[in-house]
Amino acid sequence: ERAAAAGVDTIICVGTDVTTSSQAVMYASDKPTVWASIGLHPHDAKLGNDAFTALAQLLPNKNIVAIGECGLDYFYNHSDKKDQFAALENQMQLAQDNTLPMIFHVREAFDDFWPIYDNFSRLKGVVHSFTDTTTQLDKALNRDLYIGLNGIMTFTKDQKQLAAAKAVPLERLLLETDAPFLTPKPLRGKINEPKNVSITAEFLAQLRGEELSTLAAAT
C-alpha cells in the first residue's frame, strides 16, 4: 500500500536461497502487482545440489519472472569460488531451459563472471546493484544486459560510480531498492522498502539531467 501511494505499482520480490525464493513465490501468488524471482545468492552457493533441485521444483510457476539473485561475490567470499561457479552455472542453465531473464550479483568478480556468462547463449538479464566503472558497464551493455541502480547512488562519494550511472542508456536502466538494504538518503539507517525507489529515481533524474517523468516512464 505504501509503495502504491508512492507511485510504485510493480514489484519483483527477489529470492536469495530456497527459503526466501519459496516465500517470494507465495507472497506474489495473491498480489497482482507483485512478481517473484528465485535464486541462490553467491553467499549461499555452498548449499549445493540440494538447493538447485529445490529451486527447479518451484518452476513452472506463473508468478516467477526471473532467476536470481545469483552470481559471484569476491568481496565477502562466504562460499568458495568453486561453489560459486557451480551455483551460477546451474542457475544460468535453469534460466536458459525456462527462457527466463536473470538477476546477476557481481561484486569484484567481473573478470571471472564474463567468461562464464559467455559460455551461454546470450542470456537476458540485469546486473543488479551496479557500482563499477564505465569499463564494466560497456561490457554489460555490449552483451545487451540491463543495469540496476539503487539507493547506493544517493550516498556514494565515488565519482566513477556516478559517472557510470550517468552513462547508462535510458533504455537499459532499471531501478531497484535491494530492500531491506541500501536505503537511500535521507532515510539511511531505516529499513528499506519498495516505495523508496521513487527517491532513487528523483536523484538519478537530477544526476542524469533528465525529467523525472521521462526516467520513470522508461524504468
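**Figure legends: predicted protein chain**

**View 1. Contacts along the protein chain of a predicted model.** Of the contacts (heavy atoms within 4.5 Å) between residues at least 6 apart in sequence, 63% join residues at least 24 apart. Residues are numbered from 1 along each chain as its sequence is written, and side-chain values use heavy atoms, without hydrogens and water. In this predicted model, local features need pLDDT of at least 70 and side-chain atom pairs count only at pLDDT 80 or more, while totals for chains, interfaces and linings use all residues.

**View 2. Fold and dimensions of the protein chain.** The protein chain has 10 helices and seven strands; these are DSSP runs, numbered from the N terminus, with helices (H or I) of at least four residues and strands (E) of at least two. The radius of gyration, taken over C-alpha atoms, is 17 Å, close to the 17 Å from the globule rule for 219 residues, so the protein chain is as compact as a globular protein of that length. That rule is 2.2 Å times the number of residues to the power 0.38. The C-alpha trace spans about 45 × 40 × 30 Å along its principal axes.

**View 3. Helix α2 (residues 18–28) and its cover.** S21, A24, V25 and A28 of α2 are buried, that is, under 20% relative accessible area (1.4 Å probe, protein chains only). Down the axis of α2, its buried residues fall within an arc of 95 degrees, so they line one face of the helix; the arc is that of the directions from the helix axis to the C-beta atoms. The cover over these buried residues includes β1 (11–14), β2 (34–38), α3 (49–57) and β3 (64–73).

Conventions
Buried means under 20% relative accessible area, exposed over 50%, partly exposed in between (1.4 Å probe, protein chains only).
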